[in-house]
Structure formats: structure tokens, C-alpha cells
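Welcome! Here is a short briefing to read alongside the sequence and the 3D view. Take a moment to look at both before going on.

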Amino acid sequence: MLLRHTRPAIEDGVCYGRMDLDIAETFEDEASTIMNQLPPIDAVVSSPLQRCLKLACRIGVVRGLHVIADERIIEMDFGKWEGQSWADIPKLELEQWSKDFLHARPHGGESVAMLRERTLDALKDRERSDASILVVTHAGVIKSAVSDGDDADAFNMSIGFGEMLTLG
């Protein structure tokens, strides 16, 4: 199971991939809703960014589970775009990214293909277990997990804060 973190403490419209943002003031309500919907789990794995780790730790405490942080399920590195309003990112750079969405890196950070490769690597490790594992992560990681090869269509899907997705 993949779970997107709760709302981060940042205004809408900002590119924040790897920025280590804190959680929004709505965390308690969001976490409570998630806890009420969460099925039985045996383990919790989390991105090390605090917007995931705080939720994962809350779940771990309530369920009596140890949380394992995994760098491979951290959000995409948007390089020089990090912290910028999407509206302020140069249109030429966005066009370059759009033309080769999976492989272009006009921001100098990570490509979508690189994100997908490390995501799938991390999830393969988890598939070897019969345990029911909850992975608390980011939208980009979740989209990478459901994408198919060089098809970028999965990256058009919308994943809300606190939304859960079961693979397979």
C-alpha cells in the first residue's frame, strides 16, 4: 500500500519536490481520517522527509510498529526549480521538460525516469515480503510505482494528500 503524506506547510502552486517541508496545521484532522481508514498493516516504511515521517511515526505509534526510513522513496529532486512558483519557472524550461518528460532535466535535478527507477527498486525490495507494508511517500513516487515503462500517462493522475493506493 502506498500512502501520500498529508498537506505540507507551503502555499499551493510552489514546486517543492525534495524540500523538507513541515506539515500543515490540518495534520491532526488529516492523520485521524487516515488512521480511521487504514487497514491492518505489519510494517511502515517512509520517505525521510518530515512531511512523510511525521505521518508514518504517528501510524507506527498507534499501531505499535517501528518505522523504517528509505531514501529511495523520497520525492523527485527538481533542482533549481525547488521553492519556485510553477508560474515563475521559465516557460522554455517547462517546454523542454514537456517534450521529453521522462528523461529531460532542465532544472538540473533528477529526471522522471531516474525517479521511477529508484522507486521501483525500493518497491521490489518490499515485494519480497509476505507482510502487509504501508509505504508513506510522495505523489511522484506513487505515480512512478503505477507507471508502465516509458509511458508517461500515469504521471497525469491526481493523488490527493492522505490518499492511499494499493498496488497489484
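Are Phe78 and Trp97 buried or exposed? Phe78 is buried, and Trp97 is buried as well; buried means under 20% relative accessible area, exposed over 50% and partly exposed in between, with a 1.4 Å probe and protein chains only. Please keep in mind that this is a predicted model, where local features need pLDDT of at least 70, side-chain atom pairs count only at pLDDT 80 or more, and totals for chains, interfaces and linings use all residues. Residues are numbered from 1 along each chain as its sequence is written, and side-chain values use heavy atoms, leaving out hydrogens and water.

**Aromatic rings**

- Searching the whole structure turns up 8 aromatic pairs; rings of Phe, Tyr and Trp (its six-membered ring) pair if their centres lie within 6.5 Å, and planes under 30 degrees apart count as stacked, over 60 as edge-to-face and the rest as tilted.
- Phe78 and Trp97 form an edge-to-face pair, because their ring centres are 5.9 Å apart and their planes stand at 90 degrees.
- Phe78 sits in the loop between strand 3 (67–69) and helix 3 (91–99), while Trp97 belongs to helix 3, so this pair ties together parts that are 19 residues apart in sequence.
- Helices (H or I, at least four residues) and strands (E, at least two) are DSSP runs, numbered from the N terminus.
- Trp81 and Trp86 are also edge-to-face, with ring centres 5.9 Å apart and planes at 70 degrees.
- Trp81 is buried at a relative accessible area of 0%, whereas Trp86 is partly exposed at 31%.
- Ring pairs join Phe78, Trp81, Trp86, Trp97, Phe101 and Phe155 into a cluster.

- An open sheet is formed by 5 strands in the order 3-2-4-1-5, with mixed pairing; two strands pair if DSSP finds at least two bridges between them.
- Strand 3 and strand 5 (164–165) are at the edges with a single partner strand each, so one side of each has no neighbour in the sheet.
- Strand 2 (residues 43–46) pairs with strand 3 in the parallel sense over 3 bridges, and Ser46 has Ala69 in strand 3 as its bridge partner.

**Helix packing**

- Helix 4 (residues 112–127) packs against helix 5 at an angle of about 75 degrees, their axes 9 Å apart; axes are lines fitted to C-alpha atoms, for helices over the stretch in contact, and angles run from 0 to 180 degrees between N-to-C directions.
- Contact means heavy atoms within 4.5 Å.
- Leu115, Arg116, Thr119, Leu120 and Leu123 of helix 4 meet Gly140, Val141, Ser144 and Ala145 of helix 5.
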